[in-house]
Amino acid sequence: MADSNELRSVPPPHLRRSAAELAAAGFGNLYGTGLRGAVEFFLQRYGPAAAHALVQRLGPGARQHLTPNAPVLGILGTRKYPYAFVGEMIRTMAAVVRAEEDAFIREIAVAGVDATTSTVARIALRYVVKPTDVATHAQTLFSLFHDAGRITITDLTDREYLSHLTEWPNHDLTMCKLGIYAAARLIEQTGVRSVEARREKCISWGHDHCVTRMRWAP
Ligand SMILES: [Zn+2]
């Protein structure tokens with residue numbers, strides 16, 4: 001298990017910074033690999049007409065991140081993309097295909113987890129064989145996709161845990177939900193039933209960080 005934990009180590013307490021400091025320093029982005037996967041899924045599932053409508057509906061700020069005629073709309077795995085842009089992309093995708101937004105976010109998360117093909121993610125996912133592994137490796141898994149955010153797990157039993165997400169600048173509700181659905185899907189893939197993910201605190205509700213309770217039937 002050592003090599004998966006070494007993928008990205010958590011900074012020691014004296015190096016921790018507040019979300020505001022992290023935002024000012026430019027943190028709070030999704031790595032391109034994650035977004036590329038979402039766009040690839042959208043293109044395959046809904047086709048070029050939906051992609052065209054997506055680009056048309058996005059605001060100019062969002063459109064500057066795209067190259068409409070390039071493969072995968074020009075999204076590069078090597079770049080980082082601001083949460084506000086990624087959130088707008090996903091919400092606009094849902095609107096274009098007239099999907100209920102939460103159902104669509106879940107669909108994207110499930111597709112992303114099920115089709116995770118990048119080498120780094122595959123190495124990390126190899127260690128997820130039981131639900132509690134998702135808790136144990138939560139930071140590594142989260143940090144595969146995000147350039148900020150600290151996860152602390154508490155109340156871990158054989159049927160639930162609480163996940164606390166702090167030091168996460170530029171909170172975006174769509175991104176918050178996406179991460180929770182992805183964790184739920186990972187737990188589900190270990191073969192347990194009735195996986196429930198319940199947000200108990202969220203920056204969108206005025207809390208200072210986000211807390212999710214993950215629960216399953218062993
Ligand atoms: Zn949240």
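**Helices and sheet**

Mentor: Helix 3 (residues 32-57) has 26 residues, but its end C-alpha atoms are only 21 Å apart, short of the 38 Å that a straight helix would reach at 1.5 Å a residue. The expected span is 1.5 Å times one less than the number of residues. Helices (H or I, at least four residues) and strands (E, at least two) are DSSP runs, numbered from the N terminus. This is a predicted model: local features need pLDDT of at least 70, side-chain atom pairs count only at pLDDT 80 or more, and totals for chains, interfaces and linings use all residues. Residues are numbered from 1 along each chain as its sequence is written.

Trainee: Where does a kink lie in helix 3?
Mentor: At Gly 47, shortly before the proline Pro 48, there is a kink of about 120°. The bend at a residue is the angle between axes fitted to the seven residues ending there and the seven starting there.

Trainee: And helix 5, what span should its 14 residues have?
Mentor: They should span 20 Å at 1.5 Å a residue, and the end C-alpha atoms are 20 Å apart, which agrees. Helix 5 is followed by Arg 98, whose phi is positive, near 55°.

Trainee: Now the sheet: in which order do the four strands come?
Mentor: The order is 3-4-6-5 in an open sheet with antiparallel pairing. Strands pair if DSSP finds at least two bridges between them. Strand 3 (150-154) and strand 5 (193-201) are the edge strands, each pairing on one side only.

Trainee: How many bridges join strand 4 and strand 6?
Mentor: Six, in the antiparallel sense. Glu 160 stands opposite Arg 215 in strand 6.
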